[in-house]
Amino acid sequence: MKTSPDKLTYRAVEAAARQSYGRLVALLSARTRDPAGAEDALADALLAALNTWARDGIPKNPQAWLLTAARNRLLDHARHLEVRDRSASTLEILANELYDTPDPDALPDERLKLLFVCAHPAIAPDMHTPLMLQTVLGLGAVEIGRAFLVSPKTMGQRLARAKTKIRRAWIAFEIPAADQIPQRLEAVLNAIYAAYGSSWEDAAGRDQRAVGLAEEAIWLARVLRDAIPDEPEVRGLLALLLHCEARRPARRAADGRYVPLSEQDPHIWLAPLIDEAERELAVSATHARLGRFQIEAAIQSVHAERAHTGHTDWVAIATFYDELTRLAPSIGAAVARAAAHCEVHGAQTALAMLNQIDAHSVISYQPYWAVRADMLRQLNCVHEAAEAFDRAIGLTDDHAVRAFLLERRRR
Amino acid sequence: MQYALLIYETPADFTRRQQAGDNVPHFGAWRAYYKAVVEAGIYAGVKPLDAPETGTTVRLRDRKPLVQDGPYASSKEQLGGFMLLELPSLDAALAWAARCPAASYGAVEIRPVDSELQRRLESEDQPR
């Protein structure tokens, strides 16, 4: 007999899915090494929950119910295919272990292993973030594709290919050896940062999905922090994301206009997020192992001080950027460093720094042209400034930033 | 690989075009986008089209030409022009389409150029 699920059941299933998706996919795939199969099984379990919970009521432990249902799906599927050898024995383990302990909370959290699998060197780097968003957070190919400007169909195919590779190449679900952690961790941190970055550029606030991904990225960083609390770079990343997120309400004026950081009203920054960021940064500092994300968080921390002091310590920021370009050179850091030095030593010195950056690598890098335009304007190079503004305007995909730059170009 | 970015605009967008000059936001944004595309070395052509009401549509029905004033005004947004870009992938095309000013106020459709058909059309000795 089929019962149509009511609103309450829908909400219960939705809540269980949101809370437990990543944990359950990680639990199952850590045993089968097959995230795609685990996702399918969980999807089936969620579908079954809609009907069963509507009929029998919401179970006391929804997560345990979903785990049992998903596990049974996997076992049915395996028996149906009559798989042999290693998969069969894995399924034996799966059956026994998860039968003995049906409560997922009593089992170890395997999400960290799943994060390391998603950012495995055997997986194409541009798929690290999409894989995490899908397997750990349960986001669909449509949402992920939108965030990365890739068509949903293509994103779906790429995700499927990556997950097939995980299964067929038999990538181990394990936390890397201690000496490998820093190198492997970097890919995980970069992927989480990219998830946040994909939403940040589009911070108009009117765009709900952008805000959504930002929250997901912060959530992933917190999962990682809980799993490896002694790794200062993890806390550095979390602090960086929290500082950026704290400024979200200030980044756009009431009428949607873009407001650059230097003109933001610090009183509308979100103080609780700043406080949390500062706490994370303080803990990371006790390890005395500086890294890229800690430095970037420290820079944002200096900016945040303006809420109390009323001014920005550009000397400190310029020094941090010197350190950052030395420790983790990138085009973005080099451009930001020049912009910071512009505040300390003036546009002439800063422009010389910009000119040292490889010209080919900045042809389509929007921030370079925006920063350059501002420096040239300060130096009264009217024509060159207009040219640089044009490049910055032509390269942005944010309507508010475009309007802001057009306005500035006219001044 | 060539991609065509088909630009769809509303009647108001067509009217806005009449104001020129780099300091006019609409024109300034387009001019800047054009320059960025050229600088990136991916530019393969652009053709802005005049407003839909200047268009005339021809169909041959029962061997008689059927001429109609304008295109079908079925949707609010009409084809306003197209840009051809030389790019390695759809992903690259999507990134450039997002930067196109029309993506913010109208719509940009991306179509790969059918180079196979083009090659056949342009080949001189077609089998009969």
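Reader: What percentage of the 128 residues in chain B do buried residues make up, and what makes a residue buried?

Author: Buried residues account for 20% of the 128 residues in chain B. A residue is called buried if 20 or more other C-beta atoms lie within 10 Å of its own, exposed if 12 or fewer do, and partly exposed in between, with C-beta atoms placed from the backbone. This is a predicted model, in which local features need pLDDT of at least 70 and side-chain atom pairs count only at pLDDT 80 or more, while totals for chains, interfaces and linings use all residues. Residues are numbered from 1 along each chain as its sequence is written, and chains are lettered from A and ligands numbered from 1 in the order in which they are written.

Reader: What is the predictor's confidence in chain A, and where does pLDDT stay under 50?

Author: The pLDDT, which is the predictor's confidence in each residue from 0 to 100, has a mean of 87 in chain A, and 90% of the residues of that chain reach 70 or more. Over residues 200–209 of chain A, pLDDT stays under 50. Where pLDDT is low, the predicted coordinates should not be read in detail. For residues 200–209 of chain A, the model has 15 contacts beyond four places in sequence, a contact being two residues whose C-beta atoms, placed from the backbone, lie within 7 Å.

Reader: What phi do A:Arg33 and A:Asn380 have?

Author: A:Arg33 is not a glycine, yet has a positive phi of about 55°. A:Asn380 is not a glycine either, and has a positive phi of about 60°. Most residues other than glycine have a negative phi.

Reader: How do you know what span helix α16 of chain A should have?

Author: Helices (H or I, at least four residues) and strands (E, at least two) are DSSP runs, numbered from the N terminus. The expected span of a helix is 1.5 Å times one less than its number of residues. For the 15 residues of α16(A), residues 331–345, this should give 21 Å; the end C-alpha atoms are 21 Å apart, which agrees. Buried residues of α16(A) include A:Ala333, A:Val335, A:Arg337 and A:His341. The buried residues of this helix pack against α15 (314–327), α17 (347–355) and α18 (366–378) of chain A. Just after α16(A), A:Gly346 takes a positive phi of about 95°.

Reader: Why are α19(A) and α2(B) given the description that they have relative to each other?

Author: Helix α19 (residues 382–395) of chain A and helix α2 (residues 25–39) of chain B pack at an angle of about 90°, with their axes 7 Å apart. Axes are lines fitted to C-alpha atoms, for helices over the stretch in contact, and angles run from 0 to 180 degrees between N-to-C directions. Angles under 35 degrees count as roughly parallel, over 145 as roughly antiparallel, 65 to 115 as roughly perpendicular and the rest as oblique. The two helices, α19(A) and α2(B), are therefore roughly perpendicular to each other. Among the residues that meet here are A:Asp390 and A:Leu395 in α19(A), and B:Tyr33 and B:Glu39 in α2(B).

Reader: How many residues does the contact take from each chain?

Author: The contact takes 18 residues from chain A and 19 residues from chain B. On the side of chain B that touches chain A, the largest share, nine residues, comes from α2(B).

Reader: Which order do the strands of the open sheet in chain B have?

Author: The open sheet of four strands has the order β2-β5-β1-β6 (chain B), with antiparallel pairing. The edge strands are β2 (43–48) and β6 of chain B, each of which pairs on one side only. Strands β1(B) and β5(B) pair over eight bridges in the antiparallel sense. In β5(B), B:Leu85 is the bridge partner of B:Tyr3.

Technical notes: Two strands pair if DSSP finds at least two bridges between them.
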